[in-house]
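Dear colleague,

I am handing over the structure below, and after it you will find an account of what turned up when going through it. Please read the account with the structure open beside you.

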Amino acid sequence: MTTITILGDEVATATGEWADGRPLVEPDALSAAVGWTLKPEGLCRDDQCVLVGDGSAIRVGDKLDLAAVANAVDQPTVVDSDAGIVVLGQPNATRQAALRDRQAPDFTLADLDGTLHRLSDYTGKKRLLVAFSSW
Amino acid sequence: MADDGFLVIAVAIDENIDEVRVLAENITYPVLMDPDHILTELYAISNVPAVVWIDEDGRISRPNAYEFGSDLLSEFTGRTRSAHFDQIREWVHSGAVPEDASSQIADLSEDEVAARLHFRLAAHLRRNGDEDGASRHFDAAARLAPLDFTVVRAAMPLQGESPFGEEFFKILAEYEAAGTPFHGIIPASEA
């Protein structure tokens with residue numbers, strides 16, 4: 001067993017193993033790793049479940065492939081088994097809802113003093129979101 | 001444009017908090033750090049500055065536009081911001097939006113999404129002292145999205161290169177030759 005680092009909204013770790021470059025965890029460890037739980041009805045998060053059939057696409061023996069789980073719920077991944085890291089991207093559906101349905105995706109980021117701000121903290125105001133940089 | 005019903009939220013798509021502090025000096029609205037480029041993935045942002053107008057209910061009133069929405073960085077540009085400011089004032093007071101607000105923004109391609117993830121991984125490896133690993137993933141990101149400034153230009157200072165140097169101008173020329181493939185509105189005054 002080894003530690004798998006997951007770069008999602010935050011940096012998380014899961015105990016698991018690498019098999020042929022695939023990041024595998026026990027089903028019990030899935031929720032803490034990626035926020036989804038495997039239930040009889042599928043992969044579930046909050047009140048949403050995604051069907052996974054017989055689960056053969058995400059199972060390797062008695063373990064679950066984190067990248068295959070992410071793929072099943074339409075979250076992109078990049079895997080670097082040498083570095084022991086899985087990058088877990090944002091759900092594609094969130095961005096598509098922004099572009100197609102005009103629903104502004106919520107996010108939480110720290111200001112220059114380290115205080116966290118959520119976009120939705122400012123619901124009730126018109127907001128001008130400005131992305132900028134020093135480069 | 002002080003108004004209880006209006007707020008600017010600036011997000012630095014940037015690793016370098018010291019540089020951002022300089023740019024944000026004397027600014028009173030929230031200036032947030034996004035070194036992992038979460039925003040570029042969530043909103044399909046491919047260059048800065050990009051502004052998004054979001055209404056009281058969290059709906060996007062005007063999607064990604066290449067505008068200078070605040071005084072940030074204004075000294076680097078000769079572009080006029082007054083037209084955009086007038087439009088914002090009108091939106092805040094009456095809710096009216098310019099015609100281009102109905103523009104449909106193209107989604108990121110799978111490669112453009114993957115490029116963002118490689119960038120995030122590279123930045124993480126660099127923070128942990130793995131320069132070789134970082135370099136490998138910055139390169140992978142650049143191969144996947146060679147004309148995305150949040151990928152290729154943002155990587156320059158993280159690889160010891162100047163983001164205002166020869167390589168940047170080479171990419172800018174390629175970007176312009178490709179018809180400025182920006183995910184968003186480029187107002188006529190800015191084009």
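Predicted model: local features only at pLDDT ≥ 70, side-chain atom pairs only at ≥ 80, totals over all residues.

In the hairpin formed by β9(A) and β10(A), four residues lie between the strands, and A:G84 takes a positive phi near 75°. Residues are numbered from 1 along each chain as its sequence is written, and chains are lettered from A and ligands numbered from 1 in the order in which they are written.

A residue is called buried if 20 or more other C-beta atoms lie within 10 Å of its own, exposed if 12 or fewer do, and partly exposed in between, with C-beta atoms placed from the backbone.

These strands belong to an open sheet of seven strands in chain A, in the order β7-β8-β3-β2-β1-β10-β9, with mixed pairing. Because β7 (59-60) and β9 of chain A stand at the edges, each with a single partner strand, one side of each is left without a neighbour in the sheet. At the β7 end, two bridges join β7(A) to β8(A), residues 63-65, and the two run antiparallel, with A:R59 opposite A:L64.

Chain A has a further open sheet, made of three strands in the order β4-β5-β6 with antiparallel pairing. Here β4 (37-39) and β6 (48-50) of chain A are the edge strands, each with a single partner, so that one side of each has no neighbour in the sheet. Strand β5(A), residues 42-45, is joined to β6(A) by three bridges, and A:L43 stands opposite A:V50. In the loop between α1 (30-34) and β4 of chain A lies A:G35, which counts as partly exposed because it has 17 C-beta neighbours inside 10 Å.

Turning to where the chains meet, the contact takes 40 residues from chain A and 66 residues from chain B, two residues being in contact if their C-beta atoms, placed from the backbone, lie within 7 Å. On the side of chain A that touches chain B, β9, β10, α3 (92-101), β11 (108-111) and β13 each supply at least two residues, and β13(A) gives the most, with seven residues.

Which residues of α3(B) are buried? They are B:H84, B:Q87, B:I88 and B:W91, and what covers them includes β13 (126-132) of chain A together with β3 (50-54) and β4 (60-65) of chain B. The face of α3(B) turned away from this buried side carries the exposed residues B:S82, B:D86, B:H93 and B:S94. Just after α3(B), B:G95 takes a positive phi of about 85°.

As for chain A overall, there are three helices and 13 strands, and buried residues make up 37% of its 135 residues. Along its principal axes, the C-alpha trace of chain A spans about 50 × 30 × 25 Å.

With best wishes

Definitions and conventions:
Pairing = 2+ DSSP bridges.
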